[in-house]
Amino acid sequence: MEVIELSLPATNRLATEYIEGKSPVSEAFHSYSFEQRLRELQKRTYAREALADHLLTYHQKFQASRETIANIEKLRQRESVVVIGGQQAGLLTGPLYTIYKIISIIVLAKQQEKQLGVPVVPIFWVASEDHDISEINYVHIAEHGKVKKYVYPPLAKEKRMAAHIDIDADALKHWIDDVLKTYGETDVTNELRAYIHECITRSDTVTDFFVAIILTLFAKEGIVVVDAAHPQLRAIEREWFMTLAYEHKAITNALQTQQRHLAQLGYARAIDVSPLCAHLFYDDGQRRLLYYDDDKQHFYTKDGAYRFTPDELRQRIESEPQSFSNNVVTRPLMQEWLFPTLAFIAGPGEIAYWAELKRVFEHFHWHMPPIVPRLSFTLVERHIATDLADVRMTVEEALTKGTKEALDTWVRTNQPAPFDETFDEAKKQMAHIHKQLRQLGMQIDPHLEGVMLKNAERIETQIDYLQQLITRRMLQKHNVHVRKYERIELSLRPNNMPQERVWNITYYMNRYGLDFVSRLLHVDYRWNGMHKIVYL
């Protein structure tokens, strides 16, 4: 694999400026080295034994690799730290950026373990408590040269968190087979199908299926997975849930103070929460956000299903911690409490909302971990590289401008000369002739004006149609060349979005082998904020 680097903006301004190291966005984060962070973490204590015991039990279900088990055992060592990042449990791992985030976690963990001389464990946090299933119930496929969202029907109307949704193995296998058919049969397809089907046999829920794939893909790298909704993990978190419930007002005040500060610096708000938000969810099968009523001094859900006094809420957390989960504000706090976090790997959206949490962390006398932007890639297949060369476009032009402008320019260049000018002149002449005809008609009957104006519009519309018809025929005549632009757009900038936010890793595994992720992982990457162009 050949890799070149480009400087491309992130999907939001704050993340772009953070990656570029610009001020004033740096004020929103605690800036310090990994060495300083390590010294800070070594002064704190964690529930290491309970956490390692839980993770060992959890990973046994998935027949985790020896490397993963060894990394879990490292967590018991007082000097060990983690590099962590997370994502929702998307079907077939979701968009490519999920894979890139895990690669980033593993690469940085290895680098820092070597540099710091302490165990650094790669941790992937699965946001399995998320109940917005519409964000994970599909993959994108290419159909007739267009991007299509291919939904897994059994999840179409689900409202429960991913960790609570059982899978129908036969239905899921059938859906997987349909997805693979859209990729085209290769000498790898049967092996890939068997690999995915095997992951299904080790899975009971949507989250399990995601975890089974991740643990298999990254087995040799020893990735450790945290299922955020697992009851045993929630039991460990019980103490911190109580603290978060008690401190919810201070959390909101700290958040809003930081948001006002960022607004003064010109940045848009990333986290939108009510001033009454208690920053915890209660789940009885349906996940409901908790609020706090100052006048009545109780916690409640908006639908009126639950009301708790502070004492009742503490008792409920004590007796059923598995029923509670964090919101976007308290999830990073729970992560900080659970793990000795050397670094957090973040996507652009996460960078934007973590910027609003600085004062929240400070309320608990913590520093935020170093926020490290995940590696960002565009994969360029050989036939796409050939198409780019044929149409004389660079990858950078395709990624920043798309192909429409270049195709329009090529069309104008290859039209009969003078094409547009001829039709413009025809419209002018027809308008002049029609004006004379309207004047004649008005002399006979003034009431004809409306009808004659509509007639003029129809004539101009017919000229436009003729121009478009000739253009389409010309494109058909040069279809081979036009298709090159379309293939480039579909591959590199599908739906005018970054490739990594649309396509799924299984497409590339089907074309380039089951070891594709491993080969992608072992490229020598630099942490310089540059976008990586990987030629396959």
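Predicted model: local features only at pLDDT ≥ 70, side-chain atom pairs only at ≥ 80, totals over all residues.
Figure 1. Let us look at how their rings meet. A pair of aromatic rings is described by how far apart the centres lie and by the angle of the planes. Here the ring centres are 4.4 Å apart and the planes stand at 40 degrees, so the pair counts as tilted. The two residues come from distant parts of the chain: Tyr18 belongs to helix 1 (residues 13–19), while Phe29 lies in the loop between helix 1 and helix 2 (34–41), 11 residues apart. A search of the whole structure finds 26 aromatic pairs.

**Figure 2. A cis peptide bond between Ser23 and Pro24.** Most peptide bonds are trans. The bond that joins Ser23 and Pro24 is cis, with omega at about 15 degrees. Where can you find Pro24? Look in the loop between helix 1 and helix 2.

**Figure 3. Helix 3 packed with helix 4.** Two packed helices are described by the angle between their axes and the distance between those axes. Helix 3 (residues 48–60) and helix 4 (residues 66–74) pack at an angle of about 165 degrees, and their axes are 9 Å apart. That angle makes helix 3 roughly antiparallel to helix 4. The crossing of helix 3 with helix 4 is right-handed. Which residues of the two helices meet? From helix 3 come Ala52, Leu55, Leu56 and His59, and they meet Thr68, Ile69, Ile72 and Glu73 of helix 4.

**Figure 4. An aromatic cluster, and charges over rings.** One aromatic cluster is formed by Trp240, Trp337, Phe344, Trp354, Phe361, Phe364 and Trp366. Over the ring of Tyr138 sits the charged end of Lys149, 4.4 Å from the ring centre. Arg331 lies over the face of Trp125, at 5.5 Å from the centre of that ring.

Figure 5. Most residues other than glycine have a negative phi. What is phi for Gln297? The value is near 55 degrees, which is positive in a residue other than glycine. Gln297 is found in the loop between strand 8 (287–293) and strand 9 (298–301), and at 52% relative accessibility this residue counts as exposed. For His365, phi is near 60 degrees, again a positive value in a residue other than glycine. His365 has its place in the loop between helix 14 (358–363) and strand 13 (371–373). With a relative accessible area of 74%, His365 is exposed.

**Figure 6. Ile470 and its contacts.** Ile470 is part of helix 19 (residues 449–477). Its relative accessible area is 35%, so Ile470 is partly exposed. Leaving aside residues up to four places away in sequence, Ile470 touches Phe419 and Phe423. For a sense of scale, the C-alpha atoms of Ile470 and Val118 are separated by 69 Å, and these residues are 352 places apart along the chain.

**Figure 7. Stepping back to the whole protein.** The secondary structure comes to 22 helices and 15 strands. Along the principal axes, the C-alpha trace spans about 95 × 60 × 50 Å. How many residues does the protein have, and what share of them counts as buried? There are 536 residues, of which 53% count as buried.

Key. Residues numbered from 1 in each chain as written. Heavy atoms only, no water. Phe/Tyr/Trp six-rings, centres within 6.5 Å; stacked < 30°, edge-to-face > 60°. Helix = DSSP H or I, 4+ residues; strand = E, 2+ residues; numbered from the N terminus. Lys NZ or Arg CZ within 6 Å of the ring centre and 35° of its normal. Buried < 20%, exposed > 50% of the residue type's maximum accessible area, 1.4 Å probe, protein only. Contact = heavy atoms within 4.5 Å. Axes fitted to C-alpha atoms, helices over the stretch in contact; angles between N-to-C directions. Parallel < 35°, antiparallel > 145°, perpendicular 65-115°, else oblique. Left-handed = near helix turned anticlockwise from the far one by under 90°.
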